[in-house]
Amino acid sequence: MALTFLSPGSFDRTVTDWLIKLIVVVGLFIFIGNTGVISFGHMSFMAIGAYVSAWLTIAPMMKEDAPA
């Protein structure tokens, strides 16, 4: 906890990114390990989430249509 208060904001983003990836990997390993079936639902959910988060965090000027 003290490390997050003393560190720059980029460290918090890095740790958050690591934890999100850890949750996805552990979830996939638990599902695949117990059933032996590859789950495309987990992968598609993560892909949709990545697309939506990229769209919501992109600069507004980049969202506009490119001039023809």
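How many helices and how many strands are there in the protein chain? There are four helices and zero strands, where helices (H or I, at least four residues) and strands (E, at least two) are DSSP runs numbered from the N terminus.

**View 1. The whole protein chain, a predicted model.** Along the sequence, the pattern reads α-α-α-α. Of the 68 residues, 4% are buried; buried means under 20% relative accessible area, exposed over 50%, and partly exposed in between, with a 1.4 Å probe and protein chains only. The accessible surface comes to about 6,100 Å², and 76% of that belongs to carbon and sulfur atoms; the areas come from the Shrake-Rupley method with a 1.4 Å probe, and for residues only the protein chains shown count as cover. A note on ground rules: this is a predicted model in which local features need pLDDT of at least 70 and side-chain atom pairs count only at pLDDT 80 or more, while totals for chains, interfaces and linings use all residues. Residues are numbered from 1 along each chain as its sequence is written, and side-chain values use heavy atoms, with hydrogens and water left out.

**View 2. The largest pocket and its lining.** About 280 Å³ of space lies here. On a 1 Å grid over the protein atoms alone, a pocket is an open set of points where a 1.4 Å probe fits, with protein on both sides within 12 Å along at least five of seven lines, and lining residues have an atom within 4 Å of a point. Grid points are joined across faces, edges and corners, and the volume is the space filled by probe spheres set on the points. Helices α2 (9-35) and α3 (40-57) each supply at least two lining residues, and α3 gives the largest share, six. The lining includes D17, K21, F45 and M46. By class it has five nonpolar, three polar and two charged residues; Ala, Val, Leu, Ile, Met, Phe, Trp, Tyr, Cys and Pro count as nonpolar, Asp, Glu, Lys and Arg as charged, and the others, Gly among them, as polar.

**View 3. A closer look at H42 in helix α3.** H42 also lines the largest pocket. With a relative accessible area of 36%, H42 is partly exposed. Leaving aside residues up to four places away in sequence, H42 touches G27, L28 and F31, contact meaning heavy atoms within 4.5 Å. H42 and G27 are 15 residues apart in sequence and 8.4 Å apart in space, C-alpha to C-alpha.
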